[in-house]
Amino acid sequence: SQLTHYPPGFVLQGTDTLPTAPSGRFLLFIWWLFIMILTSMYTANLTAHLTLDRSTATIRGLSDLLVQNDYKWGLIQDRNLQIMMSSHDDEEYNKIAEKGVQLQDLQEGIDKVKEGGFVFIDDSSVLSYNFKGDCKTMLIKTGKFNNQWAFGTQVNSPYTALINKMFLRYREKGWFTSKFDEWYSSDDVAACATSVGSDTKFGLPILVGLFLILGVGASLSFVTVFLEILYV
């Protein structure tokens, strides 16, 4: 009976009247165990949430480049994106293209980003592929200048219907999606975590096992009560 005095010390909550029947003691022990595990899980999750590294990038869009002095930026010279920004009606894009470093090729932009303090502006598909798995870089998608790729054929070309049919068939099979994941997704994403803790939601799916223990323990207690009524 002295064992029933120890669990309240762990859960910081006891009772004035302790049960004397085995069924009541077992039910009380299961409840104390449930509370102790639940409190420990909540404390651990809260600690991990508070210790997250919440440092964020100071640049969230193209317009932020013009109001900061920490980063230089650049575009590949005479590339489609650079021409579009230089001739855009918005003067903000004109300034970005004008003040940016004129890069000679793709490799120069990649090298400058890896050196640090440089923002390389290019198509998201190009950046996603070339910086795949690089934990020291950050890709910021602005949603501007979205380009659609297509194949051009002559008017009334006999190959137009054939090409369209081929693209439709491969799209229905999910071939494009699988190739996109193969080329642009990286297996090293989990290794690029920058936070100390985890921001996993403390939801019901995580607690289902704990509630299962409580339910089984309560069921066994009621079975014990039924046996006590019959044989005691």
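This is a predicted model: local features need pLDDT of at least 70, side-chain atom pairs count only at pLDDT 80 or more; totals for chains, interfaces and linings use all residues.
## The nonpolar cores

Let's start inside the protein. The largest nonpolar core has eleven residues in all: Ile59, Leu62, Leu65, Trp73, Leu75, Leu81, Met85, Tyr93, Ile96, Ala97 and Ile121. At least two residues of this core come from each of strand 1, helix 3 and helix 4. Helix 4 gives the most, with three residues. There is also a second, separate core of eight residues, and Leu103, Val113, Leu127 and Phe131 are among them.

Met85 belongs to helix 3 and counts as buried because its relative accessibility is 0%. Between Met85 and Leu75 there are 9.9 Å from C-alpha to C-alpha, and the two are ten residues apart in sequence. Both Met85 and Leu75 are members of the largest nonpolar core.

## Helix 4: one face in, one face out

Helix 4 spans residues 91-99, and its buried residues are Tyr93, Ile96 and Ala97. Looking down the axis of helix 4, you will find these buried residues within an arc of 95°, so they line one face of the helix. In general, residues three or four places apart point the same way because an α-helix has 3.6 residues a turn.

What do the buried residues of helix 4 pack against? Their partners are strand 1 (72-76), helix 3 (80-86) and strand 2. On the face turned away from the buried side of helix 4 sit the exposed residues Glu91, Glu98 and Lys99. The N-terminal end of helix 4 is capped by Asp90, which has a side-chain oxygen 3.0 Å from the backbone nitrogen of Glu92.

## Helix 5 and its ends

Helix 5 covers residues 106-115 and buries Gly109, Ile110 and Val113. These residues are on the same side of helix 5 because they cover an arc of only 100° around the axis. The packing partners of this buried set are strand 2 (101-103), strand 3 (118-120) and helix 6 (124-130). Val113 is also one of the residues in the second core.

Both ends of helix 5 deserve a look. After helix 5 comes Gly116, whose phi is positive, near 105°. A further contact to view here is that of Lys112, which lies over the face of Phe118 at 5.8 Å from the ring centre.

## Aromatic pairs

How many aromatic pairs does the structure hold? There are five. In the pair of Trp31 and Phe34, the ring centres are 5.6 Å apart and the planes are at 25°, so this pair is stacked. Trp31 and Phe34 both belong to helix 2 (residues 22-50) and are three residues apart, about one turn of the helix. Trp31 counts as partly exposed because its relative accessibility is 42%, whereas Phe34 is buried, with a relative accessible area of 6%.

The pair of Trp175 and Phe176 has ring centres 5.3 Å apart and planes at 80°, so it is edge-to-face. Trp175 is partly exposed, at a relative accessible area of 35%, and Phe176 is also partly exposed, at 33%. Together with Phe167 and Tyr170, Trp175 and Phe176 form one aromatic cluster.

Definitions and conventions: Residues are numbered from 1 along each chain as its sequence is written. Side-chain values use heavy atoms; hydrogens and water are left out. Buried means under 20% relative accessible area, exposed over 50%, partly exposed in between (1.4 Å probe, protein chains only). Helices (H or I, at least four residues) and strands (E, at least two) are DSSP runs, numbered from the N terminus. The arc is that of the directions from the helix axis to the C-beta atoms. Contact means heavy atoms within 4.5 Å. Rings of Phe, Tyr and Trp (its six-membered ring) pair if their centres lie within 6.5 Å; planes under 30 degrees apart count as stacked, over 60 as edge-to-face and the rest as tilted. A charge sits over a ring if NZ of Lys or CZ of Arg is within 6 Å of the ring centre and within 35 degrees of the ring normal. A polar contact is a pair of N or O atoms within 3.5 Å; within protein, one must be able to donate a hydrogen and the other to accept it, and residues adjacent in sequence count only if both atoms are side-chain atoms. A nonpolar core is a set of buried Ala, Val, Leu, Ile, Met, Phe, Trp, Tyr and Cys residues joined through side-chain atoms within 4.5 Å.
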